[in-house]
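Subject: Structure handover

Hello,

Here is the structure I promised to pass on. Please look it over before you read my notes.

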Amino acid sequence: MAERWQFLLFRQEARSRRLILEGQAQPPYERPYHDPLFFYAVMGPDFLSLEVSRDFDGERLLEYFTGLLGEPQEPPRIQVGGSQIDEEGALLLVEWRFPAAGRAEMIRRLSDILGQPLG
């Protein structure tokens, strides 16, 4: 079993067709720097998208989610803000698809991963 990450949610917003989550993740290992690792997730009617920073910890967080949710249909995409020359602040975006009838189960699984109830 993978070591457990810790999560702190700053925002949980339930809309008619989306559940939006913003928070911070703490890996199960000592980080050599103090800036927090933020994540942004959207649970739609038939998908879960997750954005994290494109760095060592962000990549490890995606590996953790992949280990628990399975491989997404497509590899992570890279989003670069600002200048395309400088990748400072780049994000990794990954999306898991599921049948719309499985949304409640996916919310339960995400709740288990984050260790918090989700609405």
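Below are my notes on the sheet, the helices, the core and the aromatic rings.

First, the ground rules. This is a predicted model, where local features need pLDDT of at least 70 and side-chain atom pairs count only at pLDDT 80 or more, while totals for chains, interfaces and linings use all residues. Residues are numbered from 1 along each chain as its sequence is written, and side-chain values use heavy atoms, with hydrogens and water left out.

The sheet

Helices (H or I, at least four residues) and strands (E, at least two) are DSSP runs, numbered from the N terminus. Two strands pair if DSSP finds at least two bridges between them. In general, strands of a sheet pair through backbone hydrogen bonds, either parallel or antiparallel.

Here there is an open sheet of 6 strands. Its order is E1-E2-E3-E4-E6-E5, and the pairing is antiparallel. E1 and strand E5 (77-79) stand at the edges. Each has a single partner strand, so one side of each is left without a neighbour in the sheet. Neighbouring strands are turned by 20 degrees against each other on average, direction ignored. Axes are lines fitted to C-alpha atoms, for helices over the stretch in contact, and angles run from 0 to 180 degrees between N-to-C directions.

Now look at E4. E3 and E4 form a hairpin with 3 residues between them. They run antiparallel and are joined by 5 bridges. Ala 41 has Leu 50 in E4 as its bridge partner, and Met 43 stands opposite Leu 48 in E4. On to E6: E4 and E6 pair in the antiparallel sense over 7 bridges. There, Ser 49 has Glu 95 in E6 as its bridge partner. E4 is mostly covered, with 5 of its 7 residues buried. Buried means under 20% relative accessible area, exposed over 50%, and partly exposed in between (1.4 Å probe, protein chains only).

The helices

H1 lies across E1, E2, E3, E4 and E6. It runs at about 155 degrees to E4. H2 packs on the sheet and touches E1, E2, E3 and E4. The direction of H2 makes about 165 degrees with that of E3. Contact means heavy atoms within 4.5 Å.

Two residues of H2 are worth a look. Ser 111 is found in helix H2 and is buried, with a relative accessible area of 16%. Leaving aside neighbours within four places in sequence, Ser 111 is in contact with Gln 116, Pro 117 and Leu 118. Ala 104 is also placed in helix H2, but Ala 104 is exposed, at 60% relative accessible area. Ala 104 and Pro 45 are 59 residues apart in sequence and 9.6 Å apart in space, C-alpha to C-alpha.

The core

A nonpolar core is a set of buried Ala, Val, Leu, Ile, Met, Phe, Trp, Tyr and Cys residues joined through side-chain atoms within 4.5 Å. The largest one holds 28 residues. Phe 7, Phe 39, Leu 50, Leu 61, Phe 65 and Leu 114 touch the most other members. E1, E2, E3, strand E4 (47-53), helix H1 (56-69), strand E6 (91-97) and helix H2 (103-114) each supply at least two residues of this core.

What does Leu 50 contact, leaving aside its neighbours within four places in sequence? Its partners include Phe 39, Leu 62, Phe 65, Val 94 and Trp 96.

The aromatic rings

A pair of aromatic rings is described by the distance of the centres and the angle of the planes. Rings of Phe, Tyr and Trp (its six-membered ring) pair if their centres lie within 6.5 Å; planes under 30 degrees apart count as stacked, over 60 as edge-to-face and the rest as tilted.

The structure holds 8 aromatic pairs. One of them joins Trp 5 and Tyr 29, edge-to-face, at 6.1 Å centre to centre and 85 degrees between the planes. Trp 5 lies in the segment before strand E1 (6-14), and Tyr 29 in the loop between strand E2 (19-26) and strand E3 (37-43), so the pair ties together parts 24 residues apart in sequence. Trp 5 is buried, at 4% relative accessible area. Tyr 29 is partly exposed, at 27%.

The rings of Phe 7 and Phe 39 have centres 5.7 Å apart and planes at 90 degrees, so this pair is edge-to-face. Phe 7 lies in strand E1 and Phe 39 in strand E3, so the pair ties together parts 32 residues apart in sequence. Both Phe 7 and Phe 39 are buried.

Best wishes
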